[in-house]
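Morning, everyone. I have one model to show today, and I will keep it short.

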Amino acid sequence: METPPLLAVRDLRVALPAGGDRVDAVDGIGFEVHAGEILCIVGESGSGKSLTAAAIMGLLPRGVRATGGSIALGGVDLLRLPEDEMRRRRGRDVGMIFQEPMTALNPLMRVGDQIDEVLRVHTGLDEAGRRARVVELMAQVNLPDPDQLRLAFPFRLSGGQRQRVMIAMALALGPSLLIADEPTTALDVTTQKQILALVKAIQSARGMGVLFITHDFGVVAEIADRVAVMQHGRIVEVGPVDQVLNRPVHAYTRSLIAAVPRLEPRAPSAAAAGLPALVARGLTKTYRSAGGIFVRRRVVEAVKSVDLTIRQGETLGVVGESGSGKSTLGRLLIRLLPADGGSVSFQGTDLLAAAPGRLRALRRDVQMVFQDPYASLNPRRRVGAIVADGLLAQGRPRAEAFARARELMGLVGLDPAGVDRYPHEFSGGQRQRIGIARALAVEPKLLIADEPVSALDVSVQAQVLELLNDVRRRFDLAMLFITHDLRVAAQVCDRIAVMRRGEIVETGPTAEIFGAPQHAYTRELLDAVPGRAWSAGQLANDALYTIPRES
Amino acid sequence: MERLEFIAQRTLKGIVVLLGIVVLNFLLIRLAPGDPAAVMAGEAGASDELFLQQLRQQFGLDRPLLEQLWAYVANILSFDFGFSYRQQRPVVDLLAERLPPTLLLTGTAFVLSLAAGVTLGVMAARRAGRWSDSAITVVALFFYATPLFWVGLMGVLLFSVTLGWLPAFGMGSVGVKLGGVERVIDVGRHLVLPALTLTLFHMAVYARMTRASMLEVRDQDFVRTARAKGVGEGEILRRHVLRNAILPVVTIAGMKAGYLLGGSIVVETVFAWPGIGRLAYEAVLQRDYNVLLGVFLVTSALVIAVNLATDVIYSLVDPRIELGA
């Protein structure tokens with residue numbers, strides 16, 4: 001290009017503290033961001049993409065430092081600036097937005113004051129001038145009623161609103177470069193769509209350069225002009241978005257893209273027409289805050305009179321955004337939460353009315369796989385004990401239970417010798433396999449999987465989904481699969497129930513839901529899936545990619 | 001509006017708890033083995049049957065229990081806490097006399113220990129891992145681990161006996177009539193040693209708490225956000241880190257304040273400080289039940305009041321607190 005780049009990173013190295021899994025978190029990378037373009041850095045967790053962003057901001061975590069190379073912003077090498085000079089550039093020349101809108105704002109400070117802080121630190125504006133500017137900025141990011149909202153504390157705002165506040169803050173001084181580190185990852189799809197559109201609109205209106213970090217190829221397809229793919233601290237491929245997404249050259253890029261779940265419903269499994277395994281009728285749950293003499297009670301109808309049937313051998317997906325009641329529903333079904341009304345018929349018994357003894361026996365046949373593979377395994381117990389627990393609780397002999405645990409480890413694709421190790425010695429994907437082995441140990445008839453792959457990288461996600469499909473076939477399980485991700489739902493579900501505000505608005509075979517959605521909300525959800533247009537083209541190109549096999 | 005409702009609600013709850021304590025107080029005496037009249041007669045040093053009869057009538061002990069309870073509550077409500085036969089004075093007079101010195105001593109110690117503890121905690125957190133951090137920790141833990149009376153006695157030995165700088169006991173110089181400023185200075189000089197003894201002990205908890213809390217908060221996302229905005233380190237520390245880190249300290253301080261206001265038996269005894277703590281200690285030794293119950297009631301009321309104040313302060317510091325929830 002003729003014009004000099006806005007940001008030029010050359011041979012950047014960031015060293016990890018001694019004892020890390022590699023010496024350099026960022027291993028001699030180079031790239032450029034030009035004014036008016038969006039460069040996406042895409043990669044899996046641990047690839048070094050977030051540390052790259054932190055290095056540019058001069059905000060590397062304690063113990064981590066840039067050991068080589070240069071980061072030139074407008075011709076000035078940021079790595080060689082004294083801290084005081086760097087501080088003046090932060091917020092003024094480079095704005096940054098972060099992943100977690102829940103934690104990225106100071107909980108004790110009014111949102112208006114947090115935006116104001118940027119102006120107060122960097123400009124000589126008086127209070128009235130700053131206030132006017134804060135209101136103006138909040139209006140620019142489409143926050144409702146800025147004059148009132150600026151006085152609110154962050155906890156009063158929704159996730160999307162908080163992210164808008166972050167954006168207003170980052171844009172307050174009109175920086176030439178915006179760094180966005182997974183800014184939409186924690187948001188619902190419909191909110192994500194709005195935020196992406198907002199970033200793009202502001203970027204093109206101001207001619208800013210944007211460095212956008214994400215793990216999600218759908219998001220890349222939506223927003224990027226150019227893409228850099230990172231793996232193990234190196235950039236393996238860089239190029240225009242169309243080229244990288246549709247004609248990837250590097251094997252790693254190909255395998256990553258191949259792992260992105262297609263937006264195409266899979267063929268229903270043959271057994272899906274089996275007998276009903278679980279039938280729920282009129283299931284209702286209302287949360288009420290305690291309330292008191294002076295305090296108004298708050299009432300949230302989390303699940304409103306839900307009917308659903310899961311057949312033997314089929315996977316029923318429950319999709320919806322956060323707060324739609326899908327997790328509550330999962331818990332109600334096996335009485336982890338008491339329902340306010342309705343019935344759950346399982347193996348000829350109403351689970352909700354079963355006596356404690358009978359309930360225990362029934363629960364043996366229903367197992368759960370949880371979302372967070374890090375938090376859901378007891379860190380102080382060996383994996384073998386975790387997997388064998390259910391069997392021991394059933395009174396099976398120790399030796400038999402542990403033998404079975406080894407068998408199950410093999411079944412979920414882990415080394416049976418791993419039973420003697422602790423959960424922290426396993427990666428996220430491996431832990432989720434342990435979670436699945438644990439659930440399978442007692443040979444359940446029904447598996448309830450609550451967002452089992454949302455904490456995993458795409459390539460790992462693909463493997464775990466395949467494993468779930470495989471065990472469902474092999475054990476002839478009925479499965480309830482709770483997810484917010486329509487791509488994932490398309491891959492594993494025979495039928496899908498769409499939930500919104502505690503109600504199932506639409507139920508049907510996966511192909512029908514995707515092909516001919518009836519309810520407006522279903523259409524809205526489908527429409528918000530990032531990278532839809534790309535996915536459609538991608539299906540035609542499928543021959544290009546190889547599905548990665550498990551190592 | 002929400003806050004006023006909250007305060008009203010908490011006050012109401014406090015009053016209910018206090019009434020519960022009054023009832024408990026009443027039952028304590030009645031449930032104690034033996035005849036309360038005999039106990040009182042014993043306290044008064046007389047025990048003939050006629051005096052017992054008179055006592056029973058005087059205190060309504062011959063009436064039904066509920067009626068007695070009602071009379072007791074009515075007495076308490078009119079600030080009649082009974083009579084100390086040992087000291088031959090109404091209990092309420094004793095309490096009124098002993099409460100101010102305790103509030104002066106423990107109030108001073110509370111403010112000083114909180115200020116010193118938080119300051120040390122902030123200093124330690126800023127130097128985390130360096131020798132000065134360890135030094136602060138060691139000093140704080142030393143005074144926390146050492147018995148109060150020992151620290152007090154060592155203070156007396158050094159500053160009163162050896163150096164002769166400060167008086168060793170009491171709240172005022174004996175045998176001199178002082179007025180105005182001179183009296184204030186005199187009380188102040190007497191206050192130094194007992195207040196410092198308490199401060200050194202209680203400071204450690206605040207220091208440790210503040211340090212740990214600061215270290216946790218400084219790694220949180222919103223601190224990184226503030227840096228990304230270009231805010232200076234000093235301001236980040238004040239406006240973002242300390243503001244958030246202080247929350248658990250407020251909780252602990254609230255719990256400690258109530259406890260401190262009840263007087264410190266050890267320190268008041270070591271320094272012959274004429275406060276509630278020493279009054280309680282003397283009452284225990286002399287089996288002066290009415291005084292003990294009076295102390296019990298007053299300290300309970302203080303703890304409840306402090307808890308209420310803590311809740312209100314907390315709700316002011318942290319907007320996320322759902323008022324009343």
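Ground rules. This is a predicted model: local features need pLDDT of at least 70, side-chain atom pairs count only at pLDDT 80 or more, and totals for chains, interfaces and linings use all residues. Residues are numbered from 1 along each chain as its sequence is written, while chains are lettered from A and ligands numbered from 1 in the order in which they are written.

Chain A first. Its secondary structure comes to 20 helices and 20 strands. Both are DSSP runs numbered from the N terminus: helices are H or I with at least four residues, strands are E with at least two. The C-alpha atoms fill a box of roughly 75 × 60 × 45 Å along the principal axes.

Buried means 20 or more other C-beta atoms within 10 Å of the residue's own, with C-beta atoms placed from the backbone.

Now the sheet. Six strands of chain A form an open, mixed sheet, in the order E16-E17-E18-E13-E19-E20. Strands pair if DSSP finds at least two bridges between them. E16 (366–369) and E20 (503–509) of chain A are at the edges with a single partner strand each, so one side of each has no neighbour in the sheet. E16(A) runs parallel to E17 (residues 446–450) of chain A, joined by four bridges. There, A:Gln367 stands opposite A:Leu447.

Next, the cores. A nonpolar core is a set of buried Ala, Val, Leu, Ile, Met, Phe, Trp, Tyr and Cys residues joined through C-beta atoms within 7 Å. The largest has 88 residues, and A:Cys40 and A:Phe212 are among those touching the most other members. Helix H6 (residues 159–171) of chain A gives the most to this core, seven residues. Another core, of 76 residues, lies apart from it and includes A:Ile310 and A:Val464.

Last, the partner. Which chain gives 29 residues to the contact, and which gives 22? Chain A gives 29 and chain B gives 22. Contact means C-beta atoms, placed from the backbone, within 7 Å. On the chain A side, H3(A) brings the largest share, four residues.

Note on methods: Contact = placed C-beta atoms within 7 Å. Buried ≥ 20, exposed ≤ 12 C-beta atoms within 10 Å, placed from the backbone.
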